[in-house]
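Me: I have a structure to go through. Can we take the charged pairs in turn?

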Amino acid sequence: MSKTANINVRVDPEFKARVENLYSKFGMSVTDAINIFLHVSLIEGGLPFEVRQPRYSAETEAAMEEARAIANGSIPAKKYSSAGEMISDVLKEDTVNA
């Protein structure tokens, strides 16, 4: 009789490589990490962390939506000719929003 059983998981190859790189820094494999996760799940009697949707303030939600719109080209990004000009604009926005 075998001393182990297989669990097959399909993940994106780039994601897998990133996870392997992370766990190798701890001297363990992804299999080791999964075994630890499963053992802790049994100890905890469920997932060893809370599962919930993140909650952000309305201001943070608006900023994330603006960043998405800039990234996909829906709205143009602000451009500055110098760091001083950018800082001045940010400080002006802070004064208006205060």
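Me: K16 first: how exposed is it?
Reply: K16 is partly exposed, at 41% relative accessibility. Buried means under 20% relative accessible area, exposed over 50%, and partly exposed in between, with a 1.4 Å probe and protein chains only.

Me: What kind of model is this?
Reply: This is a predicted model, where local features need pLDDT of at least 70, side-chain atom pairs count only at pLDDT 80 or more, and totals for chains, interfaces and linings use all residues. Residues are numbered from 1 along each chain as its sequence is written, and side-chain values use heavy atoms, leaving out hydrogens and water.

Me: Which side chain does K16 meet in a salt bridge?
Reply: E20, at 2.7 Å from N to O. A salt bridge is a side-chain nitrogen of Lys or Arg within 4 Å of a carboxyl oxygen of Asp or Glu.

Me: Where do K16 and E20 lie?
Reply: Both are in helix α1, 4 residues apart, about one turn of the helix. Helices are DSSP runs (H or I, at least four residues), as are strands (E, at least two), numbered from the N terminus.

Me: Why does that spacing matter?
Reply: An α-helix has 3.6 residues a turn, so residues three or four places apart point the same way.

Me: And E20, buried or partly exposed?
Reply: Partly exposed, because its relative accessibility is 35%.

Me: New topic. What does K78 pair with?
Reply: K78 forms a salt bridge with D89, at 3.2 Å from N to O. K78 lies in the loop between α3 and α4 (83-97) and D89 in helix α4, so the pair ties together parts 11 residues apart in sequence.

Me: Is D89 buried or exposed?
Reply: D89 is buried at 15% relative accessibility, while K78 is exposed at 53%.
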